[in-house]
Amino acid sequence: ICTPAIKHYVTQRAVPADKIAVLYNGVDTANFQPDSAARIRIRRDLGITDNFVWLAIARFEKAKAYPNMIRAFQKAVADATTKPVLLICGRGSLEGEIRAQVHSSRLDQYVRFIGVRQDIPDVMNGADAFVLSSYLEGLPMVLLQAASVGMPIVATNVGGNAEIVIDGVNGYTAPPEDHTALARAMTQIMQLSEAGRAAMAERGRQLIRQTFDIERILDRWESLYEEK
């Protein structure tokens with residue numbers, strides 16, 4: 001659950017404010033961490049050399065707003081001197097439509113559909129930044145994982161996304177269903193120096209360790225049960 005959800009329930013008088021609390025999802029930071037060997041291996045396996053690589057992991061369903069992401073990526077590609085690559089990981093009922101949009105947008109050489117993977121920490125290490133275009137979210141585990149690996153993130157400002165992606169600190173947020181703003185944020189990430197992206201990635205790692213590490217979350221659950 002995320003803070004905006006709590007505020008919604010309280011505002012709607014679904015539950016009294018003193019009877020509800022935020023208990024975040026937790027991420028295993030030992031499993032999701034920077035791994036230079038995995039980065040080399042994944043990029044070699046995918047045939048990627050010097051391209052800037054974006055990664056998206058989400059179901060191909062309406063709430064994830066992939067059409068908006070593809071439009072944003074098309075603009076980011078057009079504005080980039082060195083053309084980036086977008087890896088899309090997942091399955092879903094709208095996959096055919098998204099593939100058709102990629103083809104009609106002439107992005108086939110820049111977008112790769114890599115299906116469902118069992119090596120998500122490795123795949124994340126192979127990319128340079130993460131993008132999420134949803135118009136509806138709770139507190140996405142995938143953003144916690146991406147930040148834990150050490151990826152700058154661009155995400156829409158919905159649900160609990162802004163609790164994970166602090167605008168200008170470890171990534172950038174954009175309004176939902178606004179592909180121009182999403183593209184602008186993606187371009188900002190790509191235009192950062194390598195040192196700038198590394199600093200942003202480290203700030204994201206620190207946020208996860210301090211707030212969302214699974215051990216901290218379990219401690220909070222235990223404290224809650226002890227209070228009862």
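These questions and answers cover aromatic pairs, a helix, a pocket and backbone angles in a predicted model.

Q: How are the rings of Phe-60 and Tyr-66 arranged: stacked or edge-to-face?
A: The structure holds three aromatic pairs. In one of them, the ring centres of Phe-60 and Tyr-66 are 4.7 Å apart. Planes under 30 degrees apart count as stacked. The planes here meet at 25°, so the pair is stacked.

Q: What is the arrangement of the rings of Phe-60 and Phe-113?
A: Their centres lie 6.0 Å apart, with the planes at 35°. Stacked needs under 30 degrees, and edge-to-face needs over 60.

Q: How many residues apart are Phe-60 and Phe-113, and which parts of the chain do they link?
A: Phe-60 is in the loop between β1 (53-57) and α3 (66-79). Phe-113 is in strand β3 (residues 111-115). The pair thus links distant parts of the chain, 53 residues apart.

Q: Is Phe-60 buried or exposed?
A: Buried means under 20% relative accessible area. Phe-60 has 1%.

Q: Which residues form one aromatic cluster?
A: Phe-60 pairs with Tyr-66. The cluster is made of Phe-60, Tyr-66 and Phe-113.

Q: Which residue has its charged end over the ring of Phe-113?
A: A charge sits over a ring if, among other conditions, CZ of Arg is within 6 Å of the ring centre. Here the charged end is 4.3 Å from the centre of the Phe-113 ring. The residue is Arg-99.

Q: What span should α3 have, and what is the distance between its end C-alpha atoms?
A: α3 has 14 residues. At 1.5 Å a residue, the helix should span 20 Å. The distance between the end C-alpha atoms agrees: 20 Å.

Q: What covers the buried residues of α3?
A: The buried residues of α3 include Tyr-66, Met-69, Phe-73 and Val-77. Asn-68, Ile-70, Ala-72 and Ala-76 are buried as well. Their cover includes β1, β2 (85-89), α4 (95-104), β3, β4 (129-132) and α8 (179-191).

Q: Is Arg-43 buried or exposed?
A: Arg-43 lies in helix α2 (residues 36-46). Its contacts include Asp-50, Val-53, Gly-126 and Asp-128. Its relative accessibility is 8%, so Arg-43 counts as buried.

Q: Which element gives the most residues to the lining of the largest pocket?
A: The largest pocket has a volume of about 510 Å³. Its lining has 22 residues, with Arg-39, Ala-127, Asp-128, Gly-150 and Ala-201 nearest the centre. The elements that give two or more residues are α2, α5 (120-126) and α9 (194-212). The most, six residues, come from α9.

Q: What is the phi of Ala-65?
A: Most residues other than glycine have a negative phi. Ala-65, in the loop between β1 and α3, has a positive value. Ala-65 is also buried, with a relative accessible area of 8%. Its phi is near 55°.

Q: Is Glu-177 buried or exposed?
A: Glu-177 is found in the loop between β6 (171-174) and α8. Its phi is positive, about 60°, although it is not a glycine. Exposed means over 50% relative accessible area. At 59%, Glu-177 is exposed.

Definitions and conventions
Residues numbered from 1 in each chain as written. Predicted model: local features only at pLDDT ≥ 70, side-chain atom pairs only at ≥ 80, totals over all residues. Heavy atoms only, no water. Phe/Tyr/Trp six-rings, centres within 6.5 Å; stacked < 30°, edge-to-face > 60°. Helix = DSSP H or I, 4+ residues; strand = E, 2+ residues; numbered from the N terminus. Buried < 20%, exposed > 50% of the residue type's maximum accessible area, 1.4 Å probe, protein only. Lys NZ or Arg CZ within 6 Å of the ring centre and 35° of its normal. Expected span 1.5 Å × (residues − 1). Contact = heavy atoms within 4.5 Å. 1 Å grid on protein atoms, 1.4 Å probe; cavity = no way out; pocket = protein on both sides within 12 Å on 5 of 7 lines; lining within 4 Å. Points joined across faces, edges and corners; volume = space filled by probe spheres on them. Lists of a residue's contacts leave out its neighbours within four places in sequence.
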